[in-house]
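Dear colleague,

Please read them with the coordinates open beside you.

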Amino acid sequence: TMKSKYIIRIDDACPTMDRERWLLFEQIFDELSIKPIVAVIPDNRDPKQQLSPDKGDFWETVNRWKEKGWEIALHGYDHVYITQEAGLVPLNQKSEFAGLPLERQEEKIRSGIEIFRNHGLSPRVWVAPSHTFDMNTLEALKKHSSITIISDGISFRPFQRYGFTWLPLQLWKVRRIPMGLYTICYHPSATSLGQIRREGERLRSIANNIVSVDEALKRPCPKYGILDSLFHALFMTLRKSLKLITRK
Ligand SMILES: [Zn+2]
């Protein structure tokens, strides 16, 4: 039997997300009692996320998810990439945040938090668009939000670093790994209905090992150390040959 645990994350919620695909994911999550992290873009300006008409009920939907126990995470501010920096988690070379001066990042975080607050939301989890953020982003989060958890980083377990708790993210589809804690991240806008149904079956096969953020953080987690950096090095070496990464 597997001792590993999995957190599920679903990215790019915004008023113009693809409704049909999101609803299918939601049905699967309900059926399997999964409480995912949902990455919500406060003020989307990314044309790639404009897929269905805005019906004006988006924030009601987000609050409905919250009622179900979904973890509502702050996903950047407008989801527009304006630098070519990789930042602290070197998976992509495009960013809404990494490389920008602190003041500009503070402005984005403050504005995003204000939009969330206007809809009754006080997030505790940060999800950077494209995994790209830097020390200034963390500084801005400390100053202007109540966020204490970063959904990102590469390890096999949650860890403490730079004054935050990190829930590492390593997978973009179900993979059975004997031990550790893994986050599996989905992008409905880039996944067909058929792919979502097939992935739903794979999720069913690991459903007993899927946990919420609260369950994942029940035990205190260690400071980032040598074991984490060894895992990181191995992951970066193997990721191309194993096709672990989709460049989203
Ligand atoms: Zn995104």
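A residue is called buried when its relative accessible area is under 20% and exposed when that area is over 50%, with partly exposed in between. Asp30, at 40% relative accessibility, therefore counts as partly exposed. Please keep in mind that this is a predicted model.

Asp30 forms a salt bridge with Lys68, with N to O at 2.9 Å, and this pair links helix α1, which holds Asp30, to the loop between α2 and β3, which holds Lys68, 38 residues apart. Lys68 also meets Glu26 in a salt bridge of 2.5 Å, N to O. Lys68 is partly exposed at 27%, whereas Glu26 is buried at 6%. Together with Arg64, these residues are linked in a network of salt bridges, and the search of the whole structure finds 17 salt bridges.

The zinc ion is coordinated by Asp12 through OD and by His75 and His79 through NE2, at 2.0 to 2.1 Å, and along the chain these donors follow the spacing D-x62-H-x3-H. Both histidines are buried, His75 with a relative accessible area of 2% and His79 with one of 4%.

Finally, Thr132 lies in the loop between β4 and α4 and is buried at 0% relative accessibility. The side chain of Thr132 makes a polar contact of 3.1 Å with that of Ser95, while a polar atom of the Thr132 side chain lies 3.0 Å from the backbone oxygen of Pro129.

Technical notes:
Residues are numbered from 1 along each chain as its sequence is written. This is a predicted model: local features need pLDDT of at least 70, side-chain atom pairs count only at pLDDT 80 or more; totals for chains, interfaces and linings use all residues. Side-chain values use heavy atoms; hydrogens and water are left out. Donors are N, O and S atoms within 2.8 Å of the metal (3.2 Å for Na, K and Ca); water is not among the atoms, so sites may look incomplete. Buried means under 20% relative accessible area, exposed over 50%, partly exposed in between (1.4 Å probe, protein chains only). Helices (H or I, at least four residues) and strands (E, at least two) are DSSP runs, numbered from the N terminus. A polar contact is a pair of N or O atoms within 3.5 Å; within protein, one must be able to donate a hydrogen and the other to accept it, and residues adjacent in sequence count only if both atoms are side-chain atoms. A salt bridge is a side-chain nitrogen of Lys or Arg within 4 Å of a carboxyl oxygen of Asp or Glu.
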